[in-house]
Amino acid sequence: MNLTLRIWRQHGPEDKGRMVTYPVQDVSPDMSFLEMLDVLNERLILDGEEPIAFDHDCREGICGMCSLMINGEAHGPQRGTTACQLHMRQFSDGDTIDIEPWRARAFPVVKDLVVNRNAFDQIIAAGGYVTAPTGSAPEAHSVPVPKADADAAFESAACIGCGACVAACPNGSGMLFTAAKITQLSLLPQGQPERYTRVIGMVDAHDEAGFGGCTNIGECASACPKGIPLNTIGRLNRDYLKATAKRAGS
Amino acid sequence: MAVTGIILVLFLILHMLGNLKIFTGETSFDHYAHWLRDIGTPLLPTTWFLWIQRTVLTAAVLGHIGAATVLAMRSRAARPVKYAHRRKIHVNYAARTMRWGGVIILLFVIYHILDLTTGHLNPQGDPSNPYGNVVAGFAPERWYVTLFYTLALVTLGFHLRHGAFSAFRSLGQQTPKGERRARIAALVFAVALVGGYLLVPFAVITGLVA
């Protein structure tokens, strides 16, 4: 396959940045999207040009590092798939592919396609943890957890924190990420002690980081490579309302 | 957003049901319209209830617009650099037209008040005869008025469909099963309300109400 790539190049945070066109020849349909970028980078290095910076780590869809907006879709055209697990067979010979970084004020571009996702860490630091000791596995029958709750918590725990929800959201909101963490912790017994201080802390940290507000459109859940459902945001809203009522009452 | 929206939705339901009284005849409809000015009497002086209701509704509209403005400004600030290539993958026409749809509805409400409340834009404009005002306003030769009302009401329908679902969500609807129910309920509600409103102009234009 021969492709034309149009890639966002930006030397550093202060640079204005621009789309640059690169032709790529002889791409195998079995390559992953990131391998295709590796091939391009090797050629750029041989030609004495600056290689394209992009985030990646595990390349098996579980670390959440890859963060490419491919043809205007977070992680590219295949649903439920991270960019590293996307194969070139999803594209056709002669295609032009646009590659951009996540666009959000809370995710400033570091270089080229790499963005700084510290804002997610700030949200986690504001409450995305439990204080109950969890190092040693307790007796499984001592605290029963309903199967439906365990399944819903697990579904939310699949969030890899990649930021595709923010990238896809027309409002630039990080609510799906925040709601996934809230859901995961508030459904399980270990998450109960901090349940209501957590939701206030995390939503405040989300807003302070400069993310937009959620308007329940659903773009985030469709773009999520891990299939985090939109109804987690309703769970967050319910906990938030209860927490506000408790705070007003105390 | 949800709370002010619910106040406006409650009004829309009552207003729609009130409109349907046009099918009970001229005397009954005019009597109903005049009764609206007398609600609460003799506890309250005439039209006081009406003005209290108008104040609450105006406050709800302003609150609704205020909250929408805050959200829109946050969205704008949250993505200072736009995408060169953007593809929407989630089909949700109603959710995407909330802001401009809201502006259209506001302009429609202003026109509607000048038409059938104050009578300035109504060909008859007689406050003692609301039935006649409706019949004159939607007369067949004024088909463009009916067309504008229809477009505005369809816009309102889209706005309500996403608005109602979104209000459920904002107020804590949290299960996948509940989500399906909320979506269906929002759709049925929006269609029923818009249908109920459209019955009146279409009854006039087809001569059913004359």
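Of the 210 residues of chain B, 23% count as buried, a residue being buried if 20 or more other C-beta atoms lie within 10 Å of its own, exposed if 12 or fewer, and partly exposed in between, with C-beta atoms placed from the backbone. The model is predicted: local features need pLDDT of at least 70, side-chain atom pairs count only at pLDDT 80 or more, and totals for chains, interfaces and linings use all residues. Residues are numbered from 1 along each chain as its sequence is written, and chains are lettered from A and ligands numbered from 1 in the order in which they are written.

Chain B has eight helices and zero strands; helices (H or I, at least four residues) and strands (E, at least two) are DSSP runs, numbered from the N terminus. The pattern of chain B along the sequence is accordingly written α-α-α-α-α-α-α-α. The C-alpha trace of chain B spans about 55 × 45 × 35 Å along its principal axes. Among contacts in chain B between residues at least 6 apart in sequence, those joining residues at least 24 apart make up 66%; two residues are in contact if their C-beta atoms, placed from the backbone, lie within 7 Å.

Chain A contains eight helices and seven strands. Of its 250 residues, 45% are buried. Along the principal axes, the C-alpha atoms of chain A fill a box of roughly 65 × 40 × 30 Å. For contacts in chain A with a separation of 6 or more, 71% are between residues 24 or more positions apart.

Two domains are assigned in chain A, domain 1 (3-111) and domain 2 (117-249), with bounds that come from an automatic or database domain assignment. The C-alpha centres of these domains of chain A lie 29 Å apart. The contact between them involves 19 residues of domain 1 of chain A and 18 residues of domain 2 of chain A. On the side of domain 1 of chain A that touches domain 2 of chain A, nine residues are nonpolar, seven polar and three charged. In this classification Ala, Val, Leu, Ile, Met, Phe, Trp, Tyr, Cys and Pro count as nonpolar, Asp, Glu, Lys and Arg as charged, and the others, Gly among them, as polar.

An open sheet of five strands in chain A has mixed pairing and the order β2-β1-β5-β3-β4, where two strands pair if DSSP finds at least two bridges between them. Its edge strands, β2 (18-24) and β4 (73-74) of chain A, each pair on one side only. Strand β1 (residues 3-9) of chain A runs antiparallel to β2(A), to which seven bridges join it. Within this pairing, A:Leu3 has A:Val24 of β2(A) as its bridge partner, and A:Leu5 stands opposite A:Tyr22 in β2(A). β1(A) is also joined to β5(A) by four bridges, and these two strands run parallel. In β5(A), A:Ile97 stands opposite A:Leu5.

The loop between β1 and β2 of chain A includes A:Gln10. A:Gln10 counts as partly exposed because it has 19 C-beta neighbours inside 10 Å. Neighbours within four places in sequence left aside, A:Gln10 is in contact with A:Asp15, A:Gly17, A:Val109, A:Lys111 and A:Asp112. A:Gln10 and A:Lys242 are separated by 232 residues in sequence and by 44 Å in space, C-alpha to C-alpha.

Helix α5 (residues 175-186) of chain A packs with α8(A) at an angle of about 70°, and the axes are 8 Å apart. Axes are lines fitted to C-alpha atoms, for helices over the stretch in contact, and angles run from 0 to 180 degrees between N-to-C directions. α5(A) and α8(A) are therefore roughly perpendicular to each other, since angles under 35 degrees count as roughly parallel, over 145 as roughly antiparallel, 65 to 115 as roughly perpendicular and the rest as oblique. Residues making this contact include A:Met175, A:Leu176 and A:Ile182 of α5(A) and A:Ile233, A:Leu236 and A:Asp239 of α8(A). The contact of α5(A) with α8(A) comprises seven nonpolar, four polar and two charged residues.

The contact between the chains takes 33 residues from chain A and 32 residues from chain B. On the side of chain A that touches chain B, the elements giving two or more residues are β5 (96-101), α7 (219-223) and α8 (231-249) of chain A. Of these, α8(A) gives the most, with seven residues. The side of chain A that touches chain B has 10 nonpolar, 15 polar and eight charged residues.
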